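Me: I would like to go through this complex by asking what each term rests on. Please set the values against the definitions.

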Protein chains: 2
Amino acid sequence: MSKAFTLPQLRVACSGCSLRELCLPVDLTDEEMRRLERLVSEKHAYRRGDYLYRSGARFDSLYAIRTGFFKTQVLHEDGREQVTGFQMAGEIIGMDAISNDMHTCDAVALEDSEVCELPFNRLEALSRELPALQRHLHKIMSREIVREHGIMLLLGSMRAEERLAAFLLNLSQRFAARGYSATVFQLRMTRQEIGNYLGLKLETVSRTLSHFQEVGLISVRNKAVEILDMKGLQSFFGVAAGPL
Amino acid sequence: MSKAFTLPQLRVACSGCSLRELCLPVDLTDEEMRRLERLVSEKHAYRRGDYLYRSGARFDSLYAIRTGFFKTQVLHEDGREQVTGFQMAGEIIGMDAISNDMHTCDAVALEDSEVCELPFNRLEALSRELPALQRHLHKIMSREIVREHGIMLLLGSMRAEERLAAFLLNLSQRFAARGYSATVFQLRMTRQEIGNYLGLKLETVSRTLSHFQEVGLISVRNKAVEILDMKGLQSFFGVAAGPL
DNA sequence: GGCGGCGTTTGATATATGTCAAAAACCGTG
DNA sequence: CACGGTTTTTGACATATATCAAACGCCGCC
């Protein structure tokens, strides 16, 4: 269990990580980078369906997603659930837990995934010494607030077609930012999970996707999606695809 | 303009501020408190309808509300607007702007109000030296993320009655936390603004409030509200009133 | 203190989305 | 490769909320 014996492939090497630019501040020196790497203690693997954390669990660490796909959700006691986000490689999750030293939502792997653990106390300590890291941490949290404003706008004022268009365009952008196709991709979540994110029933999600297909905006077959008319989708809700 | 000539009543004295416990970390020493007070450079007054900041404006400072009431909103280019929050004394606003050094929403005074300006660069610098302040800043941002999760749940899965009940109970709690009545208060916002917050049309807000009155849950006349049956309101959406 | 405009209430009607249901397609597992 | 359970699609129908409209009341300003 001593760190000295951690297997090489389980050690973290941020400096060589392809996600570096998504997940880290860009302007660290080599020495600063090494200090950060020492902090990122371990990598963990999760199978599809595994919980990364559960609501109510004690908070110790943030997590950087290295590979895979997660959803985060809050549950209402009567069983209703709201998906608060779908997270992919390079994104940091767990920030909601800082406020009460306790996780306030569940994080579930939607496919086999790996995460880097960032012990928060040590992250705070290091960010006191590295202003660039401190600023980066603040920006990540702020970005999450902005993202949620966008979802509030979506949930509060958009129609089903607009919500789905925004959702697909957002996924497209994020896949593109990671070097994948912006037009052809696999959904990792069910219609139900999409509905729980967008405030719609699964039947409405299904119908709306079918409708998009009928009018030639997309091709969809189960989880396989191809965007055929990006402009057409964008026109559904002004131009701003914004970060969802 | 020199700080030396700032009038005494415009200088900030956090240590004597009645909102201290809402807005500041609790465990600062006197010396640390003085350093923080020096940072909180100025107090500004706003009239009802004034903008504290606008979307797109450059970001320099967070603001602590000392007296009064604000709303924050994001605008969609087609004119739709989503109110992202109603903020009252002791709350900190502007954190969405950190991510891009630019405000991403408007903040508008709903009544005559005063705010304390917190220059963010200096706040970051000081929080590198005062771990308690650093932790507090992180908690405030995290709390905002949690609050927004709650609103996503509300917007994504609650019916109009549940949304209004949650809204009234949330206001009630926050007034109570500030020493005001939990049952009798004035709304500071219009039905339209409530609707833009809760994802409802103003007519639906009005009808739902009228209905609450008919069944004896509240008494409402224009902006004056009295909660007559707190338990009854709570039963609308489980028990969790949560921070909105 | 009266006028005018905004905010609110209430009614009648329209509609987007939810609900219920059944069949079809897909997927992991034995 | 077949089976059983889950996911998806599609249809018919129900309903919560939006839309349109008119009257009323409150409040600030002249």
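Me: Which element gives the largest share of the surface near DNA strand C?

Reply: Helix 7 of chain B, with five residues. A helix here is a DSSP run (H or I, at least four residues; a strand is E, at least two), numbered from the N terminus. Helix 7 of chain A and helix 7 of chain B, both 202-214, each supply at least two residues of that surface. This is a predicted model: local features need pLDDT of at least 70, side-chain atom pairs count only at pLDDT 80 or more, and totals for chains, interfaces and linings use all residues. Residues are numbered from 1 along each chain as its sequence is written, chains are lettered from A and ligands numbered from 1 in the order in which they are written, and side-chain values use heavy atoms, with hydrogens and water left out.

Me: What makes a residue "near" the strand?

Reply: One of its heavy atoms must lie within 4 Å of the strand. By that rule 19 residues surround DNA strand C, and the closest include Arg221(A) and Ser206(B).

Me: Why is the pair of Arg207(A) and a base oxygen of DNA strand C called a polar contact?

Reply: A polar contact is a pair of N or O atoms within 3.5 Å; within protein, one must be able to donate a hydrogen and the other to accept it, and residues adjacent in sequence count only if both atoms are side-chain atoms. A side-chain N or O atom of Arg207(A) is 2.8 Å from the base oxygen, so the pair qualifies. For Ala160(A) a backbone N or O atom is 2.7 Å from a phosphate oxygen.

Me: Why is the pair Arg135(A) and Asp101(B) called a salt bridge?

Reply: The rule asks for a side-chain nitrogen of Lys or Arg within 4 Å of a carboxyl oxygen of Asp or Glu. The N to O distance is 3.7 Å, therefore the pair passes. The rule finds eight salt bridges across the interface of chain A and chain B.

Me: Which element of chain A gives the most to the side that touches chain B?

Reply: Helix 4 of chain A, with 20 residues.

Me: How do you know how much area is buried between chain A and chain B?

Reply: Buried area is the accessible area (1.4 Å probe) that two parts lose on being put together, summed over both. For these chains it is about 4400 Å², and carbon and sulfur atoms give 56% of it.
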